[in-house]
Amino acid sequence: MHSKIKIINYGCSSNLADGETLAGCLKQAGYTLTATEAEADLIIFNSCAVKGPTENRIIDDIKHAPCGKKIVVAGCLPKISYERLAREVHFDAAVGPAKGKSIVEVIKRVLMGEKVVELASEREIPPLTLPKLPTNPIVSVVPINFGCLGSCAYCCVVQARGHLRSYNIADVTQRIKADYAAGAREFWLTSQDTASYGREIHTDLADLLCAVGNLEGDFRVRVGMMTPNLVSDIQEKLIAAYENQKIFKFLHLPIQSGDNTVLKGMRRFYTAEEFLSIADGFRESLPDLTLATDVIVGYPGESEEAFNNTLEVMRKVQPDVTNVSKFFARPKTAAWEIRDGLVDKEETKRRSTVTAELAKEISAAQNRKWVGWSGEVLVDEKGKVEGSWIGRNFAYKPVVVKCGDDLMGRTLRVEVVEASQTYLRGKIVDQQANGEYGYVVI
């Protein structure tokens, strides 16, 4: 009888895609995937290492795993902080990200009593044809490339995932067609930087989106984070591709800092002005676009003036979503070695609070513009409250509705009646004679 395995995923959507593939390959090999750690014989921590607090939480989770379980640490953390892992926790295997089918052999060796450490850089990327076990049956997470073309001073992910390796367009579209046939209706195209897609195989993200948009079927596509300097040369093509109704009008474009001196220190190869120009260009053609961005506060050398420049850029661009992070130096990065211009922890905390408050104000104001809007949403998530469901409209705005029926995967017509900072509240449009709210499957 095969052993029971629990997989715990952390971090970004690329890591989630890795975890779904690990689960699919192990299930195909005859292993049972369990819902809880207590049931499992072996636990895989599919880890992330992008931030210090995340690393701390994962190591704490490993320390508190039930006694007697075999432990496998996969993902980015073993590649970034192996020394700390070896020092602080017990594990039976440590392997890097995107192991694909080779995870089956690793698990077999661990269950036979061997300790496995495989941290060499992977030259090949797992085929997109490998089996996967989706976390959400409606959402298919499709990696389009591994690695990136960046050399950001603060980022450790390139140490774990390496330089750019892209899937060809045919492989991506074939995966989408297969998952659509299996019931997926929302596709997340994901990578460390989607704007770098295809540069080494003589294609680009705009070409990929055009190919995906031309596929048959009623589905929607969310495009993952893209670095501004790699958008510039394909911006016109990219906006044209975004005009396809299958593509969510959602752009994740990180600014990180609104100060050009700090951006240069970060090794971000664009200016605040170039970022604003890209955002304005998209919004001019796609006025209802949802713009998400990322901001790091407290980076070494960030003066009070530099910090205020970041706030000013936020006020100018009015992002719908802002992910605010406090700077944490990560091992094996250029920023790890910086000793000059360090920002005091308490000051970094203050700047984080100020930025987060501004982000909340802007998000709430942006969401209020949607009150009174009516249209279709695709339900892709259960709400936190019993009987609530979350649907996404064409701009990937989350709309919460109440209904006692199972709405997962349905397309509904709704009207937005209220807005909060993080979501919209909608009522399902009544198309029934009795005046009660009902839903219509489009």
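Contact here means heavy atoms within 4.5 Å. By that criterion, and leaving aside its neighbours within four places in sequence, Gly341 is in contact with Pro300 and Gly301. The structure is a predicted model, in which local features need pLDDT of at least 70 and side-chain atom pairs count only at pLDDT 80 or more, whereas totals for chains, interfaces and linings use all residues. Residues are numbered from 1 along each chain as its sequence is written, and side-chain values use heavy atoms, with hydrogens and water left out. Helices (H or I, at least four residues) and strands (E, at least two) are DSSP runs, numbered from the N terminus.

**Packing of helix 11 and helix 12**

- Helix 11 (residues 304-317) packs with helix 12 (residues 345-368) at an angle of about 10 degrees, and their axes are 10 Å apart. Axes are lines fitted to C-alpha atoms, for helices over the stretch in contact, and angles run from 0 to 180 degrees between N-to-C directions.
- The two helices, helix 11 and helix 12, are therefore roughly parallel to each other. Angles under 35 degrees count as roughly parallel, over 145 as roughly antiparallel, 65 to 115 as roughly perpendicular and the rest as oblique.
- Helix 11 and helix 12 make a right-handed crossing. A crossing is right-handed if the near helix is turned clockwise from the far one by less than a right angle, and left-handed if anticlockwise.
- On the helix 11 side, Glu304, Phe307, Leu311, Met314 and Arg315 take part; they meet Glu347, Arg350, Arg351, Val354, Thr355, Leu358, Ala359 and Ile362 in helix 12.
- By class, this contact of helix 11 with helix 12 has 7 nonpolar, 1 polar and 5 charged residues. Ala, Val, Leu, Ile, Met, Phe, Trp, Tyr, Cys and Pro count as nonpolar, Asp, Glu, Lys and Arg as charged, and the others, Gly among them, as polar.

**Packing of helix 7 and helix 8**

- Helix 7 (residues 205-213) and helix 8 (residues 235-242) have axes 8 Å apart and pack at an angle of about 20 degrees.
- That angle makes helix 7 roughly parallel to helix 8.
- The crossing of helix 7 and helix 8 is left-handed.
- Helix 7 contributes Leu205, Ala206, Asp207, Leu209 and Cys210 to the contact, and helix 8 contributes Lys237, Leu238, Ala241 and Tyr242.
- The contact of helix 7 with helix 8 has 7 nonpolar and 2 charged residues, with no polar ones.

**Cysteines**

- The structure holds 0 disulfides, a disulfide being a pair of cysteine sulfur atoms within 2.5 Å.
- For Cys76, the closest cysteine sulfur is that of Cys48, at 6.3 Å, which is too far for a bond.
- Cys76 counts as buried, at 7% relative accessibility, and Cys403 also counts as buried, at 18%. Buried means under 20% relative accessible area, exposed over 50%, and partly exposed in between (1.4 Å probe, protein chains only).

**Loop residues**

- Asp320 lies in the loop between helix 11 and strand 14 (321-326) and counts as buried at 5% relative accessibility.
- Leaving aside its neighbours within four places in sequence, Asp320 is in contact with Arg283, Leu289, Thr290, Leu291, Ser363, Gln366 and Lys397.
- Most residues other than glycine have a negative phi.
- Gln256 has a positive phi, near 70 degrees, and is a residue other than glycine. Gln256 lies in the loop between strand 12 (250-252) and helix 9 (260-266), and counts as buried at 8% relative accessibility.
- Lys332, which is not a glycine, has a positive phi of about 65 degrees. Lys332 is placed in the loop between strand 14 and helix 12, and at 42% relative accessibility counts as partly exposed.
- Gly341 is in the loop between strand 14 and helix 12 and is partly exposed, at 44% relative accessibility. Gly341 and Ser14 are 327 residues apart in sequence, with 33 Å between their C-alpha atoms.

- His2 belongs to the segment before strand 1 (4-9) and counts as partly exposed at 39% relative accessibility.
- Leaving aside its neighbours within four places in sequence, His2 is in contact with Ala29, Gly30 and Tyr31. The C-alpha atoms of His2 and Glu273 are separated by 57 Å, the two residues being 271 residues apart along the chain.
- Gln28 is in helix 1 (residues 13-28) and counts as exposed at 54% relative accessibility.
- Leaving aside its neighbours within four places in sequence, Gln28 is in contact with Lys101 and Pro131.
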